[in-house]
Amino acid sequence: MTAAAAILVVAALALLGLFLLREPKLVLSDQDSGRVFARLPLADGDSFSVTFRHSVNKSDVTEIYQRRGKEIWLTGCVYYGFGAGVAEELDPSWTLETGENGEMILGNIEMKMNDLSYIVGTVYDHILEIGGEKIILNQLCGKNAKVHFSVR
């Protein structure tokens, strides 16, 4: 084997190693076209949340998710009022606490999200909080964007 061939083999192995060791990211993409809006670092076991204004009761809702391998799990929810689409009956395994400001805090939800998507609001926005950073999805993806969340 020539020196040039040996260098190419070593370089190829190094690139393969980097590819295999690369930590998956939280990927936000257009649900219809697949266009990627963002790839965000999210370590296995770390959480992120999406906050939005509920369209019926006009109060904020925060849904809390956790990355587990290449899966996304809903683990908690914080809301301030009842309305369509907000839990009114609790699974026996869930916890419910009341916060200092009257918010209802659901925990221990443990629901695997096979298809997590949001349609970014036109009147109120969706705010992604990840790694201590807040990302306004309207600015990142555009109004009415169908944003799909995945780990890849």
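Select Lys 146 to begin: with a relative accessible area of 34%, Lys 146 is partly exposed, a class lying between buried (under 20% relative accessible area) and exposed (over 50%), computed with a 1.4 Å probe on protein chains only. This is a predicted model, in which local features need pLDDT of at least 70 and side-chain atom pairs count only at pLDDT 80 or more, while totals for chains, interfaces and linings use all residues. Residues are numbered from 1 along each chain as its sequence is written, and side-chain values use heavy atoms, with hydrogens and water left out.

Asp 32 counts as exposed, at 59% relative accessibility.

Now display the open sheet of 4 strands, ordered E2-E1-E12-E9 with antiparallel pairing, where pairing means that DSSP finds at least two bridges between two strands. E2 (36–41) and E9 (116–119) stand at the edges with a single partner strand each, so one side of each is left without a neighbour in the sheet. E9 pairs with E12 (residues 146–151) over 4 bridges, and Tyr 118 has Val 147 in E12 as its bridge partner.

Finally, select Arg 68 and Glu 110, whose side chains meet in a salt bridge (2.7 Å, N to O).

Definitions and conventions
Helix = DSSP H or I, 4+ residues; strand = E, 2+ residues; numbered from the N terminus. Salt bridge = Lys/Arg side-chain N within 4 Å of Asp/Glu carboxyl O.
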